[in-house]
Amino acid sequence: MADLTGKTIVVTGAGSGIGKATATLVAAAGATVIAADVKGAEEAANEIGGSAEGHVLDVTDARGWQGLIGDVLGRHGRIHGLANVPGIVTDVDALLTQTEEGWQRILDIDLKGAFLGMRAVAQHFIDNGGGKIVNVASTAGVIGMPNVVAYSAAKGGVIAMSRQVAVEYAAAGVRVNVIAPGVTQTNMLGDITDELLGAVKAATPTGEVASAEDQANAIVFLLGTGSDKITGQVLPIDGGWTAQ
Ligand SMILES: NC(=O)c1ccc[n+]([C@@H]2O[C@H](COP(=O)([O-])OP(=O)(O)OC[C@H]3O[C@@H](n4cnc5c(N)ncnc54)[C@H](O)[C@@H]3O)[C@@H](O)[C@H]2O)c1
């Protein structure tokens, strides 16, 4: 477990799933966690307890980002890390069924949200010797998969954008890395059938599906000092799915 004692870390998508598990582990590692989400943030912060703070944030809202980061800096003086976790998928996301509105909604939350988050903290990181950013993509951003045309575009965009920002600000001490989860047991799976889950496990080299905590562990590592020499990288946490 990374030691994040004395750090202030912002985690978005903290109301559920991977974001909530990340906020929980960030707090357990000693940091003050700012748990932000469009819903469930206060509840998550209350569950985590200690110094955890819940904030309502729609990651597609640039002014909301400004307000959150300004507020946290006003009270804590420093932000050391940001995990951009939120994402949505829909079941109408094949090339021939996706609508322009649906495409835009997915791109806004899954890609633009991470852009706005990085932009909101970047100057503060540059002015203060650096900071850690972890963006959450998906194996759908790494390999081709059916029925996820907008989602794949967004997650591939997250990977490309993260590499760009990593390279541009590496000398300023900013580190930007990406995790690419495979199928993970969260609300995002909706009412997935046991049959489908069994098929996913059978097609996964480790024979298992990841938990939210599996993903959160990697995010916390990338937020900690143990990852200081890593930037612009993509870590698939998928039981070997993309290694096949
Ligand atoms: N669960 C999986 O199988 C899986 C696989 C690959 C990648 N991912 C990625 O992991 C990340 C987390 O997903 P999860 O599995 O924890 O899903 P989840 O549905 O449990 O959590 C997603 C969270 O994002 C929040 N959110 C949605 N729109 C938002 C907005 N506009 N502003 C702020 N917050 C918003 C939701 O309120 C929710 O709390 C996503 O980026 C997702 O694409 C998940």
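Leaving out neighbours within four places in sequence, T184 is in contact with I18, L189, V209, A210, S211, A212 and Q215, where contact means heavy atoms within 4.5 Å. The model is a predicted one, in which local features need pLDDT of at least 70 and side-chain atom pairs count only at pLDDT 80 or more, while totals for chains, interfaces and linings use all residues. Residues are numbered from 1 along each chain as its sequence is written, and side-chain values use heavy atoms, with hydrogens and water left out.

T184 belongs to strand β7 (residues 184-185). Strands (E, at least two residues) and helices (H or I, at least four) are DSSP runs, numbered from the N terminus. T184 counts as buried because its relative accessibility is 6%; buried means under 20% relative accessible area, exposed over 50%, and partly exposed in between, with a 1.4 Å probe and protein chains only. The side chain of T184 has a polar atom 2.7 Å from the backbone oxygen of G182. Such a polar contact is a pair of N or O atoms within 3.5 Å; within protein, one must be able to donate a hydrogen and the other to accept it, and residues adjacent in sequence count only if both atoms are side-chain atoms.

A polar backbone atom of T184 is 2.8 Å from an oxygen atom of the ligand.

A backbone N or O atom of V85 lies 2.7 Å from a ligand oxygen atom, and one of P86 lies 3.2 Å from an oxygen atom of the ligand. In total, 28 residues surround the ligand, and the closest are S16, D37, V85, Y151 and T186; a residue is near a molecule or strand if one of its heavy atoms lies within 4 Å of it. The shell divides into 14 nonpolar, ten polar and four charged residues. In this grouping, Ala, Val, Leu, Ile, Met, Phe, Trp, Tyr, Cys and Pro count as nonpolar, Asp, Glu, Lys and Arg as charged, and the others, Gly among them, as polar.

Helix α1 spans residues 17-28, twelve in number, and reaches 17 Å from its first C-alpha to its last, close to the expected 16 Å. The expected span of a helix is 1.5 Å times one less than its number of residues. Within α1, the buried residues are I18, G19, A21, T22, A23, L25 and V26. An α-helix has 3.6 residues a turn, so residues three or four places apart point the same way. A27, also in α1, is partly exposed because its relative accessible area is 24%. Beyond residues up to four places away in sequence, A27 touches V33 and I48. After α1 comes G30, with a positive phi near 105 degrees.

Among the buried residues of α5 are Y151, K155, I159 and M161. The buried residues of α5 pack against α4 (100-127), β5 (131-136), β6 (174-181) and β9 (234-237). In the loop between β5 and α5 sits N147. Most residues other than glycine have a negative phi. N147, however, is not a glycine and has a positive phi of about 70 degrees. N147 counts as partly exposed because its relative accessibility is 37%.

Strand β6 holds both N177 and A180. Is A180 buried or exposed? A180 is buried, at 0% relative accessibility. Not counting residues up to four places away in sequence, A180 touches A137, S138, T139, V142, V234, L235, P236 and I237. N177, at 2% relative accessibility, counts as buried too. Beyond its neighbours within four places in sequence, N177 is in contact with residues including I133, V134, N135 and L222. The side chain of N177 also reaches the backbone nitrogen of G232, at 3.2 Å.
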